Amino acid sequence: MTAITPELIAAHQLTAEEYERIVALLGRPPSYTELGIFSVMWSEHCSYKSSRLHLKKLPTAGRHVLQGPGENAGIIDIGGGYAAAFKIESHNHPSFIEPFQGAATGVGGILRDIFTMGARPIAVMDSLRFGPLDDARSGGRNRRILEGVVSGIAHYGNCFGVPTVGGECVFEPCYNGNPLVNVFALGVFRQDRIFYARACGVGNPVVYVGAKTGRDGIHGASMASAEFTEESKQKRPNVQVGDPFMEKLLLEACLEAMETGAVVGIQDMGAAGLTCSTCEMGSRGGTGIEIELARVPQREAGMTPYEIMLSESQERMLLVVERGREEEVFRIFRKWGLDAVAVGEVTGDGLLRVKHHGRTVAEIPSRALADEAPLYDRPRSRPLREAPLDGPDFESADPTADLLSLIGSGDLCDKRWIWEQYDYMVRTNTVLGPGGDAALVRIKETGTSLAMALDGNGRYCYLDPHQGARLAVAECCRNLSTVGALPVAATNCLNFGNPERPEIMAQLVEAIEGMAEACAFFETPITGGNVSLYNETLGEAIYPTPVVGVVGLKKTAPPVRIPFPREGSSVVLLGGLGGCDPRQFGATQYAKVILGALWGRPPALDMEREKRVQGAAREIVNSGLAEAAHDLSDGGLAVALAECSLEGVGAEVELESDLRPEYLLFHEGPARILIATGQPERVERIAAAHGVEALRIGRTRGGVLRIRLRGRRLVDCAIESLRRPWESALPSRLRG
Amino acid sequence: MKFGVVVFPGSNCDHDAWWAIRHNLGQPAEFLWHDSESLGGVDAVILPGGFSYGDYLRCGAIAKFSRIMRAVERFAREGGLVLGICNGFQILVECGLLPGALMRNRGLKFICRQVELRTETADSPFSSQLERGRIVRLPIAHGEGCYVADRRTLEELEAEDRVVFRYLDNPNGSLNDIAGILNPGRNVMGLMPHPERAADPLMGSTDGLLVFRSMVAALSHTP
């Protein structure tokens with residue numbers, strides 16, 4: 001027996017108080033195996049102990065919501081008897097330690113969350129944050145991490161056969177030591193075919209399916225719940241290795257097994273592996289589970305109960321099967337060449353009982369692990385923010401040159417190098433793929449398309465977490481509206497630093513509150529998500545980076561894209577030129593790229609106005625009046641116009657405004673959408689009916705982009721000269 | 001005109017091919033399990049894209065040994081139409097129904113994009129509905145699509161008019177810009193681009209249907 005010493009408790013990242021709580025819950029000191037089980041289940045990653053209290057503030061119910069947070073993924077009604085399950089999850093820590101496998105298993109994990117519920121995954125997106133590729137100190141490492149992450153996502157998603165239809169990729173020095181890899185997945189199924197992770201029916205067998213259990217990934221969940229130090233690189237063995245082929249077999253076999261009606265409950269083994277799946281299924285089912293570890297398929301000889309319970313080997317599932325129908329299920333798994341073994345059964349005593357060769361090695365009330373985890377109301381102060389309110393004096397000598405710099409900057413440049421490595425078309429449903437404002441994926445069976453987008457802006461949130469989170473939700477909904485889809489539900493991934501620091505905890509709470517406010521207003525309840533804390537390396541936290549993924553609905557139709565398709569159309573700016581003050585300019589891409597500074601406040605957001613603009617855009621797009629549509633966000637009006645021009649047809653734009661030229665061109669005020677149309681009067685009528693300004697700012701024109709302010713030329717460039725920096729930026733920076 | 005779409009463990013374009021045949025082309029289609037010894041009386045066979053058996057060793061190297069490939073080889077020898085798309089092409093070269101090999105893309109990266117192809121011959125059951133010189137747009141999605149063969153094989157392919165499609169802007173380093181080739185009997189075609197992904201106007205191109213329609217035309221003319 002391993003003695004439970006204070007050092008051992010600390011090594012399991014449990015506090016003395018948490019240990020006392022374990023002793024009280026058990027009525028005795030835990031065994032070594034039990035200590036391991038508690039340590040992963042009570043880790044930040046599994047228990048949300050620092051965030052749970054505040055996550056309750058998020059709206060979770062709504063007209064379309066069939067299943068809110070608490071299951072493997074949220075579920076919404078998409079009409080026609082069908083439903084969509086979706087969620088976003090982080091794999092930040094593993095992706096820093098081992099980019100390829102870290103990102104690959106991130107994709108694998110979220111896909112399992114989706115098909116565990118019975119849904120076939122039909123779309124993946126990813127939100128990525130890296131340190132700058134040309135960073136003087138970390139550039140080489142950042143390039144390696146980006147290349148590894150992208151090929152890891154491609155490897156897993158492409159082989160599994162799910163299209164990666166979109167995402168975002170942003171560079172900031174604060175991610176030098178802590179990249180973010182957030183993966184979103186969405187699946188579709190019939191509403192009468194939803195499966196839950198519940199162990200029901202005392203006496204039903206518990207069946208283990210999929211890959212064998214090895215020593216990989218032990219304590220991955222705890223690793224994800226600690227800051228990075230110099231020793232973190234030693235944790236490489238904690239990162240698991242993904243096998244997308246095995247996952248593809250699991251998908252097909254599980255969906256086929258579910259069709260038999262013999263599957264009572266099912267849960268994937270993700271973070272905390274067998275531990276998490278057994279106690280969560282028991283806890284949710286109000287039952288207990290008894291398992292015999294000797295029956296668990298093992299990759300290596302001599303594994304201890306502790307290792308088997310804590311292994312995070314990938315591509316494994318746990319099923320509860322109706323007693324007497326095991327053979328029906330086993331036959332399907334055999335057909336797909338998979339191991340399926342009864343390892344235990346559902347009991348009525350509410351205990352997770354783990355045996356090893358008949359000897360009980362752990363016996364813990366399931367609820368103690370899953371629901372009695374510590375809950376902290378951590379102290380918080382003012383959000384960490386080391387940026388001035390006022391910025392430098394500046395004046396642009398050449399707005400055209402500034403525009404070329406912006407469009408060739410890391411955040412705004414062409415990301416084709418990334419997304420062409422992803423199969424974004426497999427399953428032949430991708431109506432609108434990467435590179436658009438939102439992705440559109442059709443549902444063949446219903447005539448409906450699902451729109452989805454991911455957004456987050458760490459700079460905004462660093463300056464003001466509450467406002468930054470509201471803006472992220474608004475932008476994501478705007479992205480969907482721009483392609484004509486009605487936003488209906490959301491998922492979030494909250495990436496923050498160490499919550500034990502009051503100034504970080506304040507960022508987290510304010511961001512959650514801002515997101516709650518905006519999600520309630522835009523009627524996009526949060527149906528699930530993920531919190532990733534301790535995103536710090538050597539005490540330096542990332543910008544607070546809440547990422548939101550919004551899902552919307554639209555009738556399937558040919559898509560409206562960003563590029564202007566022809567000359568001579570009117571360019572209409574819905575929502576007008578907007579406003580900006582010196583402080584609000586400090587969060588822009590212009591401040592970042594041209595001035596190398598960050599100050600002030602994020603843009604102001606009038607949510608009422610934003611909603612009206614979005615409503616007008618949807619009606620215009622869905623009436624077939626828009627030849628092109630693009631929302632204004634990073635880089636403002638000039639960058640949006642440039643993005644619409646990149647396929648060769650540009651525009652002649654004439655503006656009337658009292659704003660100073662830099663603000664006019666590059667401020668990032670929300671609630672604005674560009675529309676190219678041959679019928680501007682009809683567009684204006686729809687806008688007026690929504691109470692929205694529709695400003696005719698110019699006409700499309702081949703080969704050039706010209707922007708004038710009261711006759712004075714601000715921007716004048718050939719489209720070719722825009723394309724070159726935009727296209728070459730990422731590949732050339734990756735060459736180092 | 002019944003099409004059979006083979007399902008290997010790890011096939012992931014099987015359903016897309018089935019859907020394109022069934023719903024976009026309007027012909028009967030059924031799945032054929034890799035473990036089966038028979039083709040169930042289908043008139044044409046499609047080996048779909050994907051990662052058969054994970055493709056961890058070499059693309060198509062394991063699929064070659066699957067039970068159904070014995071039946072597919074027999075069917076091909078007897079003149080049956082076999083279309084290998086992407087991974088299906090890789091399997092066809094692995095089992096020797098087509099010459100040459102498919103290596104990693106020149107840029108060493110997976111590439112997914114719409115490409116333009118030039119039709120090189122209309123004299124095949126897969127391209128009779130096209131004309132020589134016709135440009136078609138089909139998507140590619142592969143990591144190992146660089147077609148290579150020794151000089152004599154390439155000369156033979158060219159001399160016998162067995163190159164069906166060529167890339168206009170070679171994405172993967174294929175010799176002679178080859179995207180699709182025929183066997184000597186002209187009843188087996190391997191094609192790296194995906195015609196099943198270009199069978200619905202919503203997907204941006206319907207040029208892929210021309211390949212399937214050619215197959216239907218060929219089968220209707222068979223006595």
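## Chain B as a whole

Of the 223 residues that make up chain B in this predicted model, 57% count as buried, a residue being buried if 20 or more other C-beta atoms, placed from the backbone, lie within 10 Å of its own, exposed if 12 or fewer do, and partly exposed in between. Residues are numbered from 1 along each chain as its sequence is written, while chains are lettered from A and ligands numbered from 1 in the order in which they are written. Local features need a pLDDT of at least 70 and side-chain atom pairs count only at pLDDT 80 or more, whereas totals for chains, interfaces and linings use all residues.

The secondary structure of chain B consists of five helices and 11 strands, where helices (H or I, at least four residues) and strands (E, at least two) are DSSP runs numbered from the N terminus. Taken along the principal axes, the C-alpha atoms of chain B fill a box of roughly 40 × 35 × 35 Å. The radius of gyration of chain B is 15 Å, which agrees with the value near 17 Å that a compact globule of 223 residues would have; this radius is taken over C-alpha atoms, and the globule rule is 2.2 Å times the number of residues to the power 0.38. Among the contacts in chain B with a separation of 6 or more, 74% are accounted for by residues 24 or more positions apart, two residues being in contact if their C-beta atoms, placed from the backbone, lie within 7 Å.

## Confidence

The average pLDDT of chain B is 97, and 99% of the residues score at least 70; pLDDT is the predictor's confidence in each residue, on a scale from 0 to 100. For the complex, the predictor gives an ipTM of 0.97 and a pTM of 0.96.

Strand S6 (111-119) and strand S7 (135-142) of chain B run antiparallel and are joined by eight bridges, with B:Cys112 standing opposite B:Ala141 in S7(B). S6(B) is also joined by three bridges to strand S9 (residues 163-167) of chain B, again in the antiparallel sense; two strands are said to pair if DSSP finds at least two bridges between them.

B:Arg166, which has its place in strand S9 of chain B, stands opposite B:Arg118. B:Arg166 counts as partly exposed because it has 17 C-beta neighbours inside 10 Å. Leaving aside its neighbours within four places in sequence, B:Arg166 is in contact with B:Leu117, B:Arg118, B:Glu120, B:Asp177, B:Ile178 and B:Ala179. B:Ala218 lies 52 residues from B:Arg166 in sequence and 22 Å from it in space, C-alpha to C-alpha.

## The contact between the chains

The contact takes 21 residues from chain B and 21 residues from chain A. On the side of chain B that touches chain A, helix H1 (14-25), strand S6 (111-119) and strand S7 (135-142) of chain B each supply at least two residues, and the largest share, three residues, comes from S6(B). The residues of this side divide into 11 nonpolar, four polar and six charged, where Ala, Val, Leu, Ile, Met, Phe, Trp, Tyr, Cys and Pro count as nonpolar, Asp, Glu, Lys and Arg as charged, and the others, Gly among them, as polar.

## Chain A as a whole

Chain A has 25 helices and 28 strands, and 64% of its 736 residues count as buried. Its C-alpha trace spans about 85 × 50 × 45 Å along the principal axes, and its radius of gyration of 26 Å agrees with the value near 27 Å that a compact globule of 736 residues would have. Residues 24 or more positions apart account for 84% of the contacts in chain A with a separation of 6 or more.

In chain A, seven strands form an open sheet of mixed pairing, in the order S8-S10-S7-S11-S9-S12-S13. Its edge strands, S8 (263-268) and S13 (359-365) of chain A, each pair on one side only, and neighbouring strands of this sheet are turned by 25° against each other on average, direction ignored. Within this sheet, strand S9 (residues 288-292) and strand S11 (residues 340-347) of chain A pair in the antiparallel sense over four bridges, and the bridge partner of A:Ile291 in S11(A) is A:Gly344.

Helix H11 (residues 273-285) of chain A lies across S8, S9, strand S10 (316-321) and strand S12 (351-356) of chain A, running at about 135° to S8(A); axes are lines fitted to C-alpha atoms, for helices over the stretch in contact, and angles run from 0 to 180 degrees between N-to-C directions. Helix H22 (residues 636-645) of chain A is mostly covered, with 10 of its 10 residues buried, among them A:Leu637, A:Glu643 and A:Cys644.
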